[in-house]
Amino acid sequence: MTLADMKQMTPSHPMAETALHPLGFSRARFILFVVTALAVVIAPFVLYPIFLMKIYCFIIFAVAYNLLLGYTGLMSFGHAAFWGMGAYLTAYSAANWGFGFEAALLTGTVTGAALGLIFGLVAIRRTGLYFAMITLALAQMVYFICLQSPFTGGEDGVQGVPRGSLLGLVDLNNDWNLYWLVGTILLGTIILSNRVVHSPFGQVLRAIRNNPARAKSLGYNVDRYKLCAFVMSAALAGFAGGLKAIIFQIATLTDVSTVASTEAVLITLVGGIGTIFGPAVGSIIVLSLEHYLAPFGPWVMFTQGVVFVFFVLVFRKGLLGEFQSYFKTSL
Amino acid sequence: MADYVLQAKGITKSFGAFKAVDTVDLDIEKGEIHAMIGPNGAGKTTCFNLLTGDLPLTSGTIHLEGRNISGMSMDRIARRGLVRSYQISSIFPDFTVLNNVRFALQRKRGQSLDFWRSERTLDDLNARALELLEDLGLADVAGERAAELSYGKKRALEIATTLALDPSVLLLDEPTSGMGREDIGRVVDLIRKVAKGRTVLMVEHNLSVVEGLCDRITVLARGQVIARGRYAEVAKDPLVVEAYLGAAHA
Ligand SMILES: Nc1ncnc2c1ncn2[C@@H]1O[C@H](COP(=O)(O)OP(=O)(O)O)[C@@H](O)[C@H]1O
Ligand SMILES: [Mg+2]
């Protein structure tokens, strides 16, 4: 091969695709995106829109989580704090301050980001298990504060959250209107996450996941990049929690408890860490299991445990992670 | 005073009670190729770790181009132009060989916080990355995953990545170890070539490489400098001979 040939070739990723498709997707990812979009359009005619919207919120939450775990290599056990506080502040501002849909969601997002900045500043210098433990401890503190302070409504939660309308035009009390909006937001989030991951910034994150020490010795301010990723992830988690609060018109202690953090971890691992579409696959599997096993009461937990162990043992990289290795293309 | 680019005064690193580096002074002149030699465990790598900020100093000071860099973080020191390669190759295993080098070029160019642009904007760095790979005989594996490279090629890749940053002071920790004769020749030629316009400090066990390449050497044993000067003078120093023989017998 001549040097000229080599210069033609542009491997931008170990599993590089040469052609660039619309919206910045590779071909494989573009196909998956089309499939996802079709599923979003068809699904509400088959399944309950409310259940679907719940899945979509968790997909967005897991996309946020995956940005950290999958692309930066940071394991957080405290994402419930961002999701839950995002939900609370969205709900509270809509119910008590008369904030409209957009302003309330923005409040939830900013809450997530601000909390993420605090968590990040405390934890970012630690790595591995220490990092995970600090995020867990901080999230437990947030839970405790929520349990004690009156604004969360204690066990009752913040109820009767008005959904409002989109830009004052589209009435969101109509489930179908809300569904199309949430579906669009989901697709937008996937485009955005693909964009971020496959950007120069995303390249730095992946390098940090690969070899943080070398990234640092090449002159990258690794802690700053990690902090940026952490705040982005927390903001998106807060946004997802806020969206869920609007859809269900309630924010509760469950949202801010370790249950929510576990959900993010589980979905991401089942779907495939470090893949754009893994969160979608993971959310569908995990939430469907929960939903369809709900009649069996405590068996949900047991089955969840079995599924988790199964995935860890059989699909070490998660479902899409395994596909990714098999087809040698990044999904 | 001579024009010292890199100057260490009394640098010390203790691991518990053990002093791996014990009040070492270093004066590296601008534009020279300086070798640091000494038996295994003498503290050479630890010395590098102190100079680059990989490890915090126990005591002592380091000046880079007249500025005190003691206690500065590793990435800041790197941005000031002091960049190293590691004894144990440090690469990005999941990246392609090309992207390993390109990642270093990306830092030089800036814009690494751009999260709204496509990574394809980095493609215009490919040509320069390939040139560097050519220099190290890696052009034909540019598209491979770095993890798949042989030991020697990983070392070459790390050197290419280090050079991509165009450092004013280049620290190489045993750049030729584990390489075949042909690759050693290539790396030696390359170091000679890239040394023009910059300063090189290298740890090297192959004394014929040192003799052919380096202007001055510093000999370390048990954490301390036991000799320094031109190769021909130092090689005759009885302390040095003893340190080497002693190590060989140990
Ligand atoms: N992180 C560390 N903790 C404890 N001891 C260390 C550490 N790093 C190096 N040492 C010890 O310091 C001494 C010098 O090591 P090193 O600098 O790697 O030597 P060299 O590179 O000259 O072979 C060795 O005895 C080594 O065991
Ligand atoms: Mg060494």
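How many residue pairs are in polar contact between chain B and chain A? In this predicted model the count is twelve residue pairs, with both residues at pLDDT 80 or more; a polar contact is a pair of N or O atoms within 3.5 Å, where within protein one must be able to donate a hydrogen and the other to accept it, and residues adjacent in sequence count only if both atoms are side-chain atoms.

Residues are numbered from 1 along each chain as its sequence is written, and chains are lettered from A and ligands numbered from 1 in the order in which they are written. Because the model is predicted, local features need pLDDT of at least 70 and side-chain atom pairs count only at pLDDT 80 or more, whereas totals for chains, interfaces and linings use all residues; side-chain values use heavy atoms, with hydrogens and water left out.

On the side of chain B that touches chain A, two or more residues come from each of helix H2 (74–79), strand E6 (82–85), helix H3 (97–109), helix H4 (126–135) and helix H5 (151–164). Helices (H or I, at least four residues) and strands (E, at least two) are DSSP runs, numbered from the N terminus. H3(B) gives the largest share of this side, seven residues. By class, the side comprises 20 nonpolar, twelve polar and 14 charged residues; Ala, Val, Leu, Ile, Met, Phe, Trp, Tyr, Cys and Pro count as nonpolar, Asp, Glu, Lys and Arg as charged, and the others, Gly among them, as polar.

In total, 46 residues of chain B contact 37 residues of chain A, contact meaning heavy atoms within 4.5 Å. The buried area is about 3,800 Å², of which carbon and sulfur atoms give 59%; this is the accessible area (1.4 Å probe) that two parts lose on being put together, summed over both.

Two salt bridges are counted between chain B and chain A, each a side-chain nitrogen of Lys or Arg within 4 Å of a carboxyl oxygen of Asp or Glu. Arg214(A) pairs in this way with Glu158(B), with 3.9 Å between the closest N and O atoms.

The residues around ligand 1 (a heavy atom within 4 Å) include Phe15(B), Phe18(B), Pro39(B) and Thr46(B). The shell has five nonpolar, five polar and one charged residues, and H1(B) supplies its largest share, three residues. Backbone atoms lie at the following distances from an oxygen atom of ligand 1.

| Residue | Backbone atom | Distance to ligand oxygen |
|---|---|---|
| Ala42(B) | polar backbone atom | 3.2 Å |
| Gly43(B) | polar backbone atom | 2.9 Å |
| Lys44(B) | backbone N or O atom | 2.8 Å |

The protein covers 60% of the 560 Å² of accessible area that ligand 1 has on its own (Shrake-Rupley method, 1.4 Å probe).
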